[in-house]
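Open the structure in your viewer and keep the selection panel at hand. Each stop says what to select and what is there.

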Amino acid sequence: MPTDKSREELIRQDIEELKKLGYAQQLFREMGGFSNFAISFSIISILTGAILLFGYGLKFAGPVINTVGWPIASLFTLCVAASMAELASAYPTAGGLYFWAFRLGGRGWAWLTAWLNMIGQITIVAGVNVAAASYIMGAITRIFDLPAETHLPIWSALSDWNRTLVVMVIIMIPQILLNIYGIKLTAALNHVSVYWHIGGVVLIAALLTFFGKYHNPLSFLTSHAVTVNPLEASSAEIRSGLTVPAIVFGNFKIPSPLFSLIPGLRELYTAAPFGLAFVLALLQAQWTYTGYDASAHTAEETVMARKNSAWGIFLSVAVSAVVGYILLLILTWSIPRGDIAATANNEYPVLYIAYENLNKFSANLIAIIIGGAMWLCGCSGITSMARMWYAFARDDGMPGSRWLKRVSGHYRTPVCAIWVTCFLALLLCIYAAAYYVITSISTITLYLAYIIPVYLNWRNRRRNTGEHVTPAMAPWNLGKKSALINAIAIAYTLFICIVFVLPPNELAFWTMLLVGIFLVLYWQLAARHSFVGPKQPPPELL
């Protein structure tokens, strides 16, 4: 009778398949299917994105953004995730999206995908950790009943944003050290993170359901209200007594160029039609659904990578969709006194809901659960971010590749890539002193990186030219529905990339424009003459 392969045999098979794709096994192949799923699930982190942007969605569209907006974003994101999963099954390498784009479209597409993905990875870690820092400060003041005017030497002399950056550094240091010295512990923490998130949501739901003081009628869940007018959200006081649509850049404020360039934009934002408010509010759900490409980036550390990395991508989104929806419904149902404005305008809306509904001990418990989830999310984000930078540096795709591609002989981790990327994440927060701008940039760059190889696969299949995924190549595949699902994913990605650069996230538009100009110049003047793409295996290994 046939017997199942041992773990050692499966690892040897993975190593041989990686060799055929052109790479030697350098990273420690330790993760199983659950570990691979866990890292993407941890980075999606429903207790991070859905919590941090709860007020953002609520102020633009009201409760309906949670009851209707979340399922809509979830279904379209599943199309993107499924399209990526079959590519991960066909090409299980740490480069992930970058390697897929190379095989399907050549070195130019690969180079562009890599840079978008690397920028996205930096911004997602920056966004998660700077928001976690802000949240943790708010949670501490509530847990210990500290008044806002509490004076502390040196600390009180710093601006609010600088205090946030200091806390961000403090929480990142153990994340960095764990990623360098404790990769096995990092994998174990990803397991803990899954139970922490799901258990945390169950506990929050139970506490608010059975012990919460406020429960709104079911009709409240589908109501809509514009608490903050989109024009107001896009405006700032650029000088005393003059408030106009503006871009806020650190401590600088300038009048908005888009409102001057696009006729009728001011009138549209003043009228604030529900459709406009609703699509602007979708950033809440869509930023939550980022980072699930981590399952692809850790493929070289995963056993049975062709199946497990694909399932990791798809299931991380599917499970997050269900668990996140339960969380949002309960939170919306429990908005104190049905007062949308008071909740949306609170600096920490979810903490406001918890402390208004529950006794001090229960509310403190919720605050700790959410803070722990955010820290775990940031830790997993660093793992994925460093792997992507290491993979691109391994193919000499960027300045400093000589150092970034080094792997510790003892710990088997890309130490230099971890330190450099974390430093860049901190620099980004100094540049963009606006959390929503960082989330917009990360969403746009990551989804562009996600969709480029999906588009190339779809294009090649339609033209019947070049390489494209077939069931023979990918044990995890979409079969005959692949082209349709790919097309839906492409259309949705283009839609969100337009929506998320509109005011009040206009700085994201100009930042992306500058990034685009930089990448074009860098490619034309340097990279296209030196970058050759991923190494190809010798013919005898194919």
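This is a predicted model: local features need pLDDT of at least 70, side-chain atom pairs count only at pLDDT 80 or more; totals for chains, interfaces and linings use all residues.

Residues are numbered from 1 along each chain as its sequence is written, and side-chain values use heavy atoms, with hydrogens and water left out.

**Stop 1: a helix pair**

Select helix H4 (residues 54-61) and helix H13 (residues 274-281). Helices are DSSP runs of H or I, at least four residues, numbered from the N terminus. Their axes lie 8 Å apart, at an angle of about 175°. Axes are lines fitted to C-alpha atoms over the stretch in contact, and angles run from 0 to 180 degrees between N-to-C directions. H4 and H13 are therefore roughly antiparallel (angles over 145 degrees).

Now show the side chains. From H4, Tyr56, Gly57, Phe60 and Ala61 meet Phe274, Ala277, Phe278, Leu280 and Ala281 of H13. Contact means heavy atoms within 4.5 Å. By class, this contact has eight nonpolar residues, one polar and no charged. Ala, Val, Leu, Ile, Met, Phe, Trp, Tyr, Cys and Pro count as nonpolar, Asp, Glu, Lys and Arg as charged, and the others, Gly among them, as polar.

**Stop 2: helix H23**

Select residues 482-499, helix H23. At 1.5 Å a residue, its 18 residues should span 26 Å (1.5 Å times one less than the number of residues). The end C-alpha atoms are 26 Å apart, which agrees. Buried residues of H23 include Ile485, Ala489, Tyr492 and Ile496. Buried means under 20% relative accessible area, exposed over 50%, and partly exposed in between (1.4 Å probe, protein chains only).

**Stop 3: Trp196**

Go to Trp196 in helix H9 (residues 183-211). Trp196 is partly exposed, at 32% relative accessible area.

**Stop 4: Ser309**

Select Ser309, in helix H16 (residues 305-333). Is Ser309 buried or exposed? Ser309 is buried, at 0% relative accessibility. Beyond four places in sequence, Ser309 contacts Asn36, Ala88, Ser295 and Ala299.

**Stop 5: the cysteines**

How many disulfides are there? The count is zero, taking a disulfide as a pair of cysteine sulfur atoms within 2.5 Å. Select Cys379, buried at 3%. End on Cys416, partly exposed at 26%.

Methods:
Helices (H or I, at least four residues) and strands (E, at least two) are DSSP runs, numbered from the N terminus. Angles under 35 degrees count as roughly parallel, over 145 as roughly antiparallel, 65 to 115 as roughly perpendicular and the rest as oblique.
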